[in-house]
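Biologist: Hi! Could you walk me through this one?

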Amino acid sequence: MIYLIPSFLAAEAIETIPAYVLNTVKSCQVIFAENERTTRRFLKSLSKEIVIDDFEWFPIHKVEQEQLDTLRQKIKEGKHIAIISEAGCPGVADPGQLLIAEAQKMDVVVRPLVGPNSLLLALMASGLNGQHFAFVGYLPIEHLDRIKKIKQLEEASAQTDCTQIFIETPYRNNKLIETIVHHCQPQTLFCIAAELTSANEWIKTKTIADWNKETVDLHKKPAIFLLHG
């Protein structure tokens, strides 16, 4: 059986992880982790009694043929396997999806566990359309391509009443915000959801015209961005 183990978005937000997650992890023999070091720290924060070295550890930050072969072997051995991403829920904007897809091909039971998901938390608090939305991942890095993509998302949102959700590498947040504010229509709604579940959580939805009146500094802070034309 494959268990998809949620991890916290903010290191201090241990309360966002339901108690049954720890019991499920203890029932596993194998862990595939996006980052073994931080995952070990995460598990220890849930329980100091957990014996970290009792698990077999394998990486998922780059899922290659070797990792898929290992997964198949552990499934054939009848092991209970935990997949744990760096933050939030495995399989959502996460390399763990490739392992999950392989498990599905093998007709293995895949059990997702409840936990924090930054995309849904941001959408919930945005006030934007939660009936029709799309997650588009990262936008292009090259400046002109990025502007083109933003305009396409804005136009598609306006035509279909669809909330567009995207993310950025934290050290490029300010540049992304600047580009959106400078190139979107004044009436377009733009939501920024930063440092979710932490003591510094910050979620605001404003028109582009109103964002133009503010200075925002989210350098190196985890954030989710939502756009509705």
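Predicted model: local features only at pLDDT ≥ 70, side-chain atom pairs only at ≥ 80, totals over all residues.

Biologist: Great. What volume does the largest pocket have?

Modeller: The largest pocket comes to about 1,000 Å³.

Biologist: And how many residues line the largest pocket?

Modeller: There are 36 residues in the lining, and those nearest the centre of the pocket are L9, E86, A87, G88 and P222.

Biologist: Which elements give two or more residues to that lining?

Modeller: Those are the helices α2 (36–46) and α5 (118–126), plus the strands β6 (133–138), β8 (189–194) and β10 (223–228).

Biologist: Which of them gives the most?

Modeller: That would be α2, which supplies five residues to the lining.

Biologist: What's the lining like by class, in nonpolar, polar and charged residues?

Modeller: Nonpolar residues number 20 in the lining of the largest pocket, alongside nine polar and seven charged ones.

Biologist: Nice. Switching to strands: what order does the open sheet of five strands have?

Modeller: The order reads β3-β2-β4-β1-β5, and the pairing is parallel.

Biologist: Which are the edge strands there?

Modeller: The edges are β3 (56–59) and β5 (110–112), each of which pairs on one side only.

Biologist: And the twist, what does it average?

Modeller: From one strand to the next, the twist averages 20°.

Biologist: How many bridges join β1 to β4?

Modeller: Four bridges link β1 (residues 2–5) with β4 (residues 81–84), and the two strands run parallel.

Biologist: Which residue in β4 is the bridge partner of L4?

Modeller: L4 has I83 as its bridge partner in β4.

Notes: Residues numbered from 1 in each chain as written. Heavy atoms only, no water. 1 Å grid on protein atoms, 1.4 Å probe; cavity = no way out; pocket = protein on both sides within 12 Å on 5 of 7 lines; lining within 4 Å. Points joined across faces, edges and corners; volume = space filled by probe spheres on them. Nonpolar A, V, L, I, M, F, W, Y, C, P; charged D, E, K, R; others polar. Pairing = 2+ DSSP bridges. Axes fitted to C-alpha atoms, helices over the stretch in contact; angles between N-to-C directions.
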